[in-house]
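With the model open in your viewer, follow the stops below in order, selecting each group of residues as it is named.

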Amino acid sequence: MPNRRGIISSAYWSSKESDLSAHGSPNTVKFHVSPGGALQGKLRVPGDKSISHRSIMLGSLAAGVSEVSGFLEGADALATLAAFRAMGVEIEGPEQGRLRIHGVGLHGLQAPAAPLDLGNSGTSMRLLCGLLAGQTFDVELVGDQSLSRRPMQRVTGPLASMGARIEATDAGTAPLRIHGNPNLQSLAYRMPVASAQVKSAILLAGLYARGQTCVTEPAPTRDHTERMLRGFGYPIDVSGETACLEGGGCLQPTHVEVPADISSAAFFLVGASIAEGSDIVLEHVGINPTRTGIIDILRLMGASIELSNQREVGGEPVADIRVVSQPLQGIEVPPELVPLAIDEFPAIFIAAACAEGETVVTGAEELRVKESDRISTMADGLVALGIDARPQPDGIRIRGGQLTGGRINSHGDHRIAMAFAMAALRANGAITIDDCANVNTSFPGFVELAQTAGLQVAAEAAEE
Ligand SMILES: O=C(O)C1=C[C@@H](OP(=O)(O)O)[C@@H](O)[C@H](O)C1
Ligand SMILES: C=C(OP(=O)(O)O)C(=O)O
């Protein structure tokens, strides 16, 4: 409950937020961030969201008990977990990031009694479209207001050519009704958009299809599905930009160790780079090369980022990352890095606002169809803080300058909220950020961890 000063305890967050985000909640939480300060210390951010989703999905389809450690207990991954429980999978935990999933095998899922509510999570909805297309039962998938606006045709289209029958709204959005078809055809699909969600949805449908399903991507995207299928003993052939698998195999249970999420670490990479006097180490962060665009982009801007203790954990590369503050320069972000940093642009735009000169991002139109339109939401917020930020159809131009204090509407987008919280490190006045409840979708405990590191941030109950 909010206490007398309106500060919200973490217990209140964890008990309430998944409910709130799952139902297109009113604006119930705001962040108040005092200006200035520096980031210091050793931090471990929560588990990787993409890998956490996939651990539930593949663990549920395996023939036997799998264990997961480091699982992200955020609302998005918990929505996936609840969906599989509703389809008859026994899942013990999460208890401090540990789960025991009693996998039911490829053909053991049962019809859920009610629509599956995936809250704010695009990954859950798109991957489930593929995984559920070949079942023997029908399912309805629903989400919050933001998820109900996001394009689903990119998965329902290719899945339809495999024989999937998925009804959507006229706009191609959720709610989705999946009519299970146990006789899916295989597919060779060349994706028009660089999207790991589309690639994964088709590969998951391919598990149920007769013959070989192949997906070719226009540029590399995160490959956690491919790596984890291998970890579950499922043969998958990746050659160049094409991944292929045969349907009808069997997943063997395994132990998935989820590394810390580089997308959550990104806020601290940027915060420590921009705030003079900062020196932090982020421990045990996943550095899969399909996710490290943020490191490459910040280094091109002049950031001081060192990796140490590089190792492989459960099929994924991991490292400790040290960041020391450095003056940044504006750059033209190489378009080939865009898919490798796709979720990190809200944070990168804050780095750009603190850099000397202009930063130009192109080839990033995908940002317009995330939890919010991240190009216009970020541009509006930066302009509100006195920065020259010009949205373009496929990106943005940002000229670095002095950030002022001000009030930001995050439009319920977790990454916008956290990015602007870090901006306060370089602002000359306080920043208030509205509509922050959804930070819990990807980063439970953000406020507490950021406070520990030195950010003067408080979560407060918003006046309703
Ligand atoms: O596969 C995944 O886990 C994800 C893929 C990306 O989406 P797209 O596939 O739409 O680029 C990313 O933005 C999302 O946060 C997670
Ligand atoms: C885009 C994101 O997630 P999703 O697509 O799963 O909602 C994100 O976390 O930034």
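Begin at ligand 2, which lies between domain 1 (10–47 + 259–461) and domain 2 (49–257) because both give residues to the shell around it; the domain bounds come from an automatic or database domain assignment. This is a predicted model, in which local features need pLDDT of at least 70 and side-chain atom pairs count only at pLDDT 80 or more, while totals for chains, interfaces and linings use all residues. Residues are numbered from 1 along each chain as its sequence is written, and chains are lettered from A and ligands numbered from 1 in the order in which they are written.

Select Asp-76, Ser-121, Gly-122, Thr-123, Asp-343, Lys-370, Glu-371, Arg-415 and Ser-442, the residues around ligand 2 (C-beta atom, placed from the backbone, within 6 Å of it).

Next, show helix α3 (residues 75–86) and helix α4 (residues 122–133), whose axes come within 8 Å and cross at roughly 35 degrees; axes are lines fitted to C-alpha atoms, for helices over the stretch in contact, with angles running from 0 to 180 degrees between N-to-C directions. Helices (H or I, at least four residues) and strands (E, at least two) are DSSP runs, numbered from the N terminus. Here Asp-76, Ala-79, Thr-80 and Ala-83 of α3 meet Thr-123, Ser-124 and Leu-128 of α4 (C-beta atoms, placed from the backbone, within 7 Å).

Finally, turn to the open sheet of four strands, ordered β21-β22-β1-β23 with mixed pairing, where pairing requires at least two DSSP bridges between two strands. β21 and β22 (residues 431–434) pair in the parallel sense over four bridges, with Gly-406 opposite Ile-431 in β22.

Definitions and conventions: Contact = placed C-beta atoms within 7 Å.
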